[in-house]
Amino acid sequence: MNASVSPIVFPNLAVILESATLAELDRALVNLSASTLLVAQQRNKHILAARTNQDILEIIFSVIIDWQGSAGLRSVSQVCREWRVVALAAPLLWRQALSLSVNPNWMFEMLRRTMHVPLTIRISHHDIHRDMVYANLLSIADQFWRFETLEIDAPRPYICEFFGFVPFDSDEAPRLRILSLSGKHWQGLLDDDEVLPDELLALSAPNLEHLALENFPFDWDVLKFGLAHSIRLSVLHICYPGESDAPHTLSISELLATLKSIISLRELKLHNVLKVIGENLLTESVTPTTALPALRTLDLQANIQFCSGFLNGVEAPALVELDVECNSTNEAGDTPLFTTSAFMIGISRIAPHDPYNIFSVLHQKGKLWISLRSNRTGAFCRILVPEVNDGPTLERTLRKLADMPSVHSTERLEIGFSKDAHRKVIGEVWAYLFERLNKVSSLDLGTYPVPRILQILYCNAKGALEAQKQGKEVSVLLPSLETIAIATSLTLCVLVDMIAELRETVGAPIDRHVTLRKMDTYQAARERITVWLEGSFTGAQAEGEGESVGESEDSED
């Protein structure tokens, strides 16, 4: 027992109680209660939980807050004196527990206990409509200068009203690190009071790292000399639902000049940032190029003219992820071939240059999807181009892709074209692509049968066999190919087996469909395919026979 605590001696209580007066008994009860409390306190000091290091307790309490919010922190503060001291004296825990969905009095008590630490405020689209959240948000607007993180997803009028309560007495937000304002769920007409205030945009925020503005009108000139001027800014997202929603009319050159000044920019997301007007967007030539040396992720969504101008106007040597989605292709009245050619030149310039090992190209309902991925380096490129419906545009796009050195390391090639799209691409284009993909081991031809591509591989293998017999140099397309994946079709499986038979003789074997040879219909299917391959039909007859060879149980998407 601790030396400072006197031993408690209990004499013969029966003797004392018999002769004690009522007042003496009352005093005895008080003394016993005090002694019991003292003993309990001393005993609690021997419990492991009460002797746990303060740092460990704060970690435990933080986990409890994640589970139970501020109610959990209140509960642990009532366990024992030691825990209460730790809980009440840890402002970081109260910052974590701070909630705007509670009674205002309790919210302000939590706010008081945060003392002077930077605050983190996150409000989702669902939170803003809960009881007391919006009112509590407005009531702490005067604490904006303490905000380290402010993320709000709410209708534009709500957010603009909040900033109307912020006292912009200073031109600096020294603690602000993340600012994300999203009005994407607001579809109402734009009012004058739904524009982000210049006082916010003009703030000096030396520690700002992440800035995201979605579906909010603002003054671009004010932004670029204020928040966007932070030397630490590494993430910038500016997005609008569609081109018609963008309030900005600056040129691509002006946009790039602003981005150039953001020296730490690593992630850039621009969706429909510029309004489409002919004199500053559609025909602009951007020279010289703007260097964004730290940029690693680029996400663009706009009309193809803007994407072409932007991609041809920047240099991003450190880029790892590129995601480009074009809304339309012909706002300026240019031909699809012209606009797509300029666009693909930009793609080939800026796409991550690390070797890709997965190459996918799909064409469905007039939209061309291109995906390039690397499982080794993480490099990624996704492209969506709508309204690519003519053969020359498709062919030019495939040739541009084939010329990109980074795709020459492709190991898995996926081609998913509709029946109509296959008709528009001549065989020479596929051969041009295959000649450059010498490392492809897996070829996936999608759900629609593609006899034309298989015909190219068959004729190439047959030509290689003839060259081998004549002692000439043998050249096989896709020399590393091991597997061809096709839709379920007896005819096409037989055709693949015939290709495998030829390639095996020239030293480029692929998986064969040996089990098919036991089927009664195998020989008839082989003879029918041979007639088609040898070109006994001409013109429309050949096309019709190709359709017949390509029949499958799968329907076209």
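Student: Before we start, what kind of model is it, and how are residues numbered?
Tutor: It is a predicted model, where local features need pLDDT of at least 70, side-chain atom pairs count only at pLDDT 80 or more, and totals for chains, interfaces and linings use all residues. Residues are numbered from 1 along each chain as its sequence is written, and side-chain values use heavy atoms, with hydrogens and water left out.

Student: OK, helix 3. What span should it have?
Tutor: Helix 3 covers residues 54-68, and its 15 residues at 1.5 Å a residue should span 21 Å; the end C-alpha atoms are 20 Å apart, which agrees. The expected span is 1.5 Å times one less than the number of residues. Helices here are DSSP runs of H or I with at least four residues, strands are E runs of at least two, and both are numbered from the N terminus.

Student: Which residues of helix 3 are buried?
Tutor: Leu57, Phe61, Ile64 and Ile65. Buried means under 20% relative accessible area, exposed means over 50%, and partly exposed is in between, with a 1.4 Å probe and protein chains only.

Student: And why do they line one face?
Tutor: Looking down the axis of helix 3, the buried residues fall within an arc of 105 degrees, so they line one face of the helix. That arc is taken from the directions from the helix axis to the C-beta atoms.

Student: What does that face pack against, and what is on the other side?
Tutor: The buried residues pack against helix 4 (70-76), helix 5 (81-88) and helix 6 (91-97), with contact meaning heavy atoms within 4.5 Å. On the other side, Ile59, Asp66 and Trp67 are exposed.

Student: What comes just after helix 3?
Tutor: Gly69, with a positive phi of about 70 degrees.

Student: Switching topic: where is Asn215, and what is its phi?
Tutor: Asn215 is in the loop between strand 4 (210-214) and helix 11 (220-224). Its phi is near 60 degrees, a positive value in a residue other than glycine. Asn215 is buried, at 5% relative accessible area.

Student: And Asn272, buried or exposed?
Tutor: Asn272 counts as buried, at 2% relative accessibility. It sits in the loop between strand 6 (267-271) and helix 13 (278-282), and its phi is near 55 degrees, positive in a non-glycine residue.

Student: Last one: how many disulfides?
Tutor: The structure holds 0 disulfides, a disulfide being a pair of cysteine sulfur atoms within 2.5 Å. For Cys307, the nearest cysteine sulfur is that of Cys326, 4.0 Å away.

Student: Is Cys307 buried or exposed?
Tutor: Cys307 counts as buried, at 0% relative accessibility. Cys381 is buried too, with a relative accessible area of 0%.
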